[in-house]
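Morning, everyone. I'll keep this short. Have a look at the model, and then we'll go through it.

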Amino acid sequence: MNKKDNLHICNDCNNFSLIYKKSVYNFDKTDLGICFFNQEIIKKDKSCKFYKLRAKKLKTVTLEHIDAVIEDIKELEKIFYNADC
């Protein structure tokens with residue numbers, strides 16, 4: 001294996017979903033996961049040539065979004081304080 005191949009592990013892949021184990025009070029992570037591309041159960045440390053980076057979730061806030069939130073807050077203030085303005 002090349003040094004470059006070791007950089008992409010399945011845990012960071014978009015096609016990988018971790019398997020959880022049910023315990024008494026919560027769900028615990030395991031070292032196994034499902035590869036949706038190969039349709040098989042694999043260890044999270046494995047790497048393959050079908051690696052696809054997870055999409056980053058970027059949220060943009062514009063002035064229009066802020067104005068909409070301010071209007072919603074004003075409406076909630078009217079409801080909570082019984083103002084008929």
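A search of the whole structure finds two salt bridges. By that I mean a side-chain nitrogen of Lys or Arg within 4 Å of a carboxyl oxygen of Asp or Glu. In general, side chains of opposite charge can pair when their charged atoms come close.

Before the pairs, the ground rules. This is a predicted model, so local features need pLDDT of at least 70, side-chain atom pairs count only at pLDDT 80 or more, and totals for chains, interfaces and linings use all residues. Residues are numbered from 1 along each chain as its sequence is written, and side-chain values use heavy atoms, with hydrogens and water left out.

K46 is partly exposed at 40%. E40 is partly exposed at 34%.

Next, the fold. The protein chain has one helix and three strands. Along the sequence, the pattern reads β-β-β-α. Strand β1 (residues 16–22) and β2 run antiparallel, joined by six bridges. Two strands count as paired if DSSP finds at least two bridges between them. K21 has D28 in β2 as its bridge partner. A hairpin through four residues connects β1 to β2.

β2 and β3 pair too, in the antiparallel sense, over four bridges. Here C35 has E40 in β3 as its bridge partner.

β2 and β3 form a hairpin with four residues between them. Look at Q39 there. Q39 is in the loop between β2 (27–35) and β3 (40–43). Its phi is positive, about 55 degrees, although Q39 is not a glycine. Most residues other than glycine have a negative phi. Q39 counts as exposed, at 63% relative accessibility.

F36 lies in the loop between β2 and β3 as well. F36 is partly exposed, at 47%. Together with L32, I34 and I41, F36 makes a nonpolar surface patch of about 360 Å². Patches take residues with over 30% relative accessible area and no salt bridge; like charges are joined within 9 Å, and nonpolar side chains (Val, Leu, Ile, Met, Phe, Trp, Tyr) within 5 Å.

Last, the whole chain. How many of the 85 residues are buried? Buried residues make up 12%. The chain exposes about 8,000 Å², and carbon and sulfur atoms supply 57% of that. Those areas come from the Shrake-Rupley method with a 1.4 Å probe; for residues, only the protein chains shown count as cover.

Key. Helix = DSSP H or I, 4+ residues; strand = E, 2+ residues; numbered from the N terminus. Buried < 20%, exposed > 50% of the residue type's maximum accessible area, 1.4 Å probe, protein only.
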